[in-house]
Amino acid sequence: MKEVWSDKKRTIFGLPLSFTKYILDEERLFIRSGVFTKVEDEIWLHRIMDITLRQTFRQRLEGVGTIHCCSSDASQREFSIKNVKHPREVRELLSSMIEAEREKKRVIFHETLMTTPEDDDSIASRVHK
């Protein structure tokens, strides 16, 4: 495992005074938390479908942000990388690594658009003309 990025969840004043650590390697994101009972979640990068950066006013003052992710992982459908320094750079790094992993593993992510029965009829009539 070659570590590409790591940081700790930052608490008050942007200081890393928590027991949650985020580690990004070339293929996976790990979220380690806990003091007495340690929990380590592993999310494969190619399974992450959507990334959102959130920064409250206080987070902007402290130079941190939260990156919310939606994934196709069975155990971690939604998760957040909370209060990390340089959140925009982390989001960009994560996004580019996700795309690289999808290309490497030949994973195709496609969105399903919802249509109404009227839309289906109009599409069918245009196709058959």
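A residue is called buried when its relative accessible area is under 20%, exposed when that area is over 50%, and partly exposed in between, with a 1.4 Å probe and protein chains only. The structure described here is a predicted model, in which local features need pLDDT of at least 70 and side-chain atom pairs count only at pLDDT 80 or more, whereas totals for chains, interfaces and linings use all residues. Residues are numbered from 1 along each chain as its sequence is written, and side-chain values use heavy atoms, with hydrogens and water left out.

The confidence of the predictor in each residue is given by pLDDT, on a scale from 0 to 100. For the protein chain the mean pLDDT is 88, and 84% of the residues reach 70 or more. Where pLDDT is low, the predicted coordinates should not be read in detail.

Strand 2 is joined to strand 3 (residues 28-33) by five bridges, and the two run antiparallel; strands are said to pair if DSSP finds at least two bridges between them. These two strands form a hairpin with two residues between them, and L24 stands opposite L29 in strand 3. Strand 3 also pairs with strand 4 (residues 39-44), again in the antiparallel sense, over six bridges, and here S33 has V39 in strand 4 as its bridge partner. The hairpin formed by strand 3 and strand 4 has five residues between the strands, and G34 in its turn has a positive phi of about 110°.

Two residues illustrate the contrast between buried and exposed positions. I81, found in strand 7 (residues 78-85), has a relative accessible area of 1% and is therefore buried. Not counting residues up to four places away in sequence, I81 touches W5, Y22, L29, G65, T66, I67, C69 and L94. The C-alpha atoms of I81 and L53, which are 28 residues apart along the chain, are separated by 9.5 Å. F13, by contrast, lies in the loop between strand 1 (3-8) and strand 2 (20-25), and F13 is exposed because its relative accessible area is 61%.

Technical notes. Helices (H or I, at least four residues) and strands (E, at least two) are DSSP runs, numbered from the N terminus. Contact means heavy atoms within 4.5 Å.
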